[in-house]
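Me: I would like to learn how to read a few backbone and core features in a protein model. Please take them one at a time.

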Amino acid sequence: MEKIKIIFIGTAEFGLPAFKALIKDSDFEIALAVTQPDKPIGRKQIITSSPIKIAAEKNNITVLQPEHIIDIKEKISLLSPDLIIVAAYAQLIPEAILNLPKYGCLNLHASLLPKYRGSAIIQAAILNGDKQTGLTIIKMDKGLDTGEILAQTAINIDNDDTAGTLYDKLSGISADFVIETIKKYLTEKIKPMAQNSSLASYAKELTKSDGLINWSKPALDLEKFIRAMNPWPVAWTWWNGKQVKIISAQNQPIEINTYKPGKTFKYNSGLAVQCGQNALIIKSLQLEGKSALESEEFLRGHENFIGNILG
C-alpha cells in the first residue's frame, strides 16, 4: 500500500489514541491536524489547547484551529489529502470538505450505529440500560452520523460503568480498530453498509440543567441516570437553596416506599433517598463549593440533611 496522506480532525482526548497510532504507522503521513480553538477551562478560566493540538505540536505536525472549518477549505484542498479522519471534533463537517479527499472522510463514532446519533451517545447507552456499546467507523456524508458503516466493535457495559469510565474504555480500544479498519477500507476488503435509519435515535448535547434529578422516577432509573451524568454534567438536586451533586449511588435500590419522593433518611450508617419506586442508597455526594464526600462523612458534618425533601 502506498503511503496515504491524512488530515486528522479532532479535539477531545477521545481521539488521542487513534491520532497517535496514525502518527506512528509508517503507512500514513499526517499532513495536518485540525482542532477547535484554544478555550478557557476550569474555575480560573485558563486558556487551554486541545489534547490533539498538544500531541500534534509534539510531533511537528501543522495545526489549524478555525472557528468554522469551512474557512480552511482552500488550505485543505491545496494539501490534496487522500483521506480525512474525524474523531470527536464537536463541529459538523460540511459537504464541501467531505468531497475533497480521494478516499473520502471517515468518522470514529462512540456507539453502535445506527442506534445513537448525536452528542451524548455514551450517556444514552447507560441511561437506556444497554448491555453493550462500542465503536463504529463510518464513511461520512452530509447528514449527522448517517454515513455508511465500515466496521464496528462492541464492548460490555458493566453495572458500575459511568459515562467517564465507558469513555475511557472506548477510547482505549480505538487505536488498533482505526488502523485495521482504514487499511482494510483502502485495500477494498470492506464493503460499506448503509444504516437502517428507522433504528436510529438522537442523543442531544447535555447541559448543566440536564443533570437535575427527578426523584419521582424509579430508583433503578435514577441509579443509571447518576452513572450516565458522571463526569458531566453530574446529577444534582436542591437542598435548602443549594445545589448538591450526587456523585454515585448503590447499583441495587432498597425496597422502601414509605416516604415522599426526595425524602432523605438514614440507612445503616449512610444515606438513602426515597424515589418514585423504592429508595436509592447514596454513596458519595458534594455540596456546592465543597469537596465530594462519602455519605457517612457528609452526614457527620450535615446531620440536618436527614429528613428533608430534596428537589
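Me: Where does Pro 231 lie?

Reply: Helices (H or I, at least four residues) and strands (E, at least two) are DSSP runs, numbered from the N terminus. Pro 231 lies in the loop between α8 (219-228) and β12 (235-239). A cis peptide bond joins Asn 230 to Pro 231, with omega about 20°. Pro 233 is also in the loop between α8 and β12, and the bond from Trp 232 to Pro 233 is cis, with omega near 5°.

Me: What should I know about the model itself?

Reply: This is a predicted model: local features need pLDDT of at least 70, side-chain atom pairs count only at pLDDT 80 or more, and totals for chains, interfaces and linings use all residues. Residues are numbered from 1 along each chain as its sequence is written, and side-chain values use heavy atoms, leaving out hydrogens and water.

Me: Is Asp 145 buried or exposed?

Reply: Buried means under 20% relative accessible area, exposed over 50%, and partly exposed in between (1.4 Å probe, protein chains only). Asp 145 is buried, at 10%. Its phi is near 60°, a positive value in a residue other than glycine.

Me: How many residues does the largest nonpolar core have?

Reply: A nonpolar core is a set of buried Ala, Val, Leu, Ile, Met, Phe, Trp, Tyr and Cys residues joined through side-chain atoms within 4.5 Å. The largest one here has 73 residues, and Leu 22 is one of those with the most contacts inside it. Helix α7 (residues 174-186) gives the largest share, 7 residues.
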